[in-house]
Amino acid sequence: KTFLEEATRLLNESLDYHHTLQALTRHCLPFLADYCSVDILGESGEIRRVETAHVDPEKEQILRDLWTRYPYRATDRVGVPEVVRTRRPVLNPSFADDAVAAFARDGEHLAMLRRLAPSSYICVPLVARERPYGAISLVMSDSRRRYSERDLELAVELAQRAATAIDNARLYTAEHTARARAAFLGDASAILASSLDYETTLRSVARSVVPELADWCSVQIVDEDEGGNRSLRQLAVAHVDPTKVEWARRLQDRYPSRLEDPRGVANVIRTGEPELYPHLTDELLRQTARDEEHLRILREIGLASVIIAPLASRGRTIGAITFVAAESGRRYTADDLALAVELARRAA
């Protein structure tokens, strides 16, 4: 009872559920686990580690290295991904070596797992209002204790309280975000109505986007010469750091967007449909880069997530606004996409 009361106090301490889950992970040691981890299900289906803790600091570092090298995949048929998918807890009272091997992806992975020497395992889903939020993993190792059904009941109760705290925090955040975004769109509309010089107003809109919605924001429009030839022109680029704005302009001069490009701005203008890249993988960067130097630069920028929204009006797509998350490390969601599309619609 005292353990759950303290856990509840920690969970109610703040609406920053990442912070409270980190505290909860530590709270589980050593009463309920020799090591513990909490993982959250992201908006795009990825599993993200919130915190991991071990009674032995040296082994805690192994745990962190393990996650860095071998993060969970949504398709994994064991461990957290399976518990999140089925929403059913798992209890392995005795964790034999063949069970350890079932987690391993290769020999090095298996060697790291064996160094942790798990002996008993519980994994419980974080579910509130029938929505899965992630899972808590509890493992006995150094103490060689074995989990029982009673331990599982305690873990399930702990997870239910944690999931409720996450749900409440997210509901509050969603309401706060909705108000902030409504105010943001109102401010953007005021900027757009301030002048009939559309180039000036679009530059102002790009600056207003940073850092509210993006680390980088650029606006590109379609120019057409007297001969009917069409090309893309970068009208605006904004970043909180002015030196990076100039750097981005030079990058655009060296590798200009082309209307014949198969993806990105060109494709959005061709189709009139927005594009959302919640997580920019290295493979996608390779597909986008024109050459090795271009790839090197794209990697250095640290692109994390991208939205490209069409500037469409009266049946024509006349350009696009690109929103880039980089330094902040944020990942764009469907809600971010809806906001970007609405802003682009008003701008167009």
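Buried, on this tour, means under 20% relative accessible area, exposed means over 50%, and partly exposed lies in between (1.4 Å probe, protein chains only). Helices (H or I, at least four residues) and strands (E, at least two) are DSSP runs, numbered from the N terminus. The model is predicted: local features need pLDDT of at least 70, side-chain atom pairs count only at pLDDT 80 or more, and totals for chains, interfaces and linings use all residues. Residues are numbered from 1 along each chain as its sequence is written, and side-chain values use heavy atoms, with hydrogens and water left out.

**Stop one: helix 9**

Select residues 242–254. This is helix 9, with 13 residues, and it reaches 19 Å from its first C-alpha to its last, close to the 18 Å expected at 1.5 Å a residue (the expected span is 1.5 Å times one less than the number of residues). Colour Val-245, Ala-248, Leu-251 and Gln-252, which are buried in helix 9. They sit on the same side of helix 9 because they cover an arc of only 120° around the axis; the arc is that of the directions from the helix axis to the C-beta atoms. Now turn to the other side of helix 9, where Pro-242, Thr-243, Asp-253 and Arg-254 are exposed.

What do the buried residues of helix 9 pack against? Show strand 6, strand 7 and helix 12 (292–301) to see their partners; contact here means heavy atoms within 4.5 Å.

**Stop two: a hairpin**

Stay with strand 6 (residues 216–224) and strand 7 (residues 230–239), which run antiparallel and are joined by nine bridges. Two strands pair if DSSP finds at least two bridges between them. Click on Cys-217 and you will find Ala-238 of strand 7 opposite. Five residues lie between the two strands of this hairpin, and Gly-228 in the turn has a positive phi of about 85°.

**Stop three: strand 1 and its partners**

Next, select strand 1 (35–41), in which six of seven residues are buried. Strand 2 runs antiparallel to strand 1, with seven bridges between them, and Tyr-35 has His-54 in strand 2 as its bridge partner. Their hairpin has five residues between the strands, and Gly-45 there takes a positive phi near 95°. Strand 5 is also antiparallel to strand 1, joined by six bridges; look for Cys-36 opposite Leu-138 in strand 5.

**Stop four: the largest nonpolar core**

A nonpolar core is a set of buried Ala, Val, Leu, Ile, Met, Phe, Trp, Tyr and Cys residues joined through side-chain atoms within 4.5 Å. The largest one has 35 residues, and those with the most contacts inside it include Leu-21, Leu-24 and Ile-136. Among the elements giving two or more residues to this core are strand 4 (120–128) and helix 7 (149–192), and helix 7 gives the most, with nine residues.

Centre on Ile-136: leaving aside neighbours within four places in sequence, its contacts include Leu-24, Cys-36, Ile-122 and Leu-158.

Finish at helix 3 (residues 57–69). Its buried residues are Lys-59, Glu-60, Ile-62, Leu-63, Leu-66 and Trp-67. They fall within an arc of 155° seen down the axis of helix 3, so they line one face of the helix. On the other side of helix 3, Pro-57, Glu-58 and Thr-68 are exposed. Helix 6 (107–116) is among the elements covering the buried residues of helix 3.

Select His-109 in helix 6. Is His-109 buried or exposed? Its relative accessible area is 6%, so His-109 is buried.
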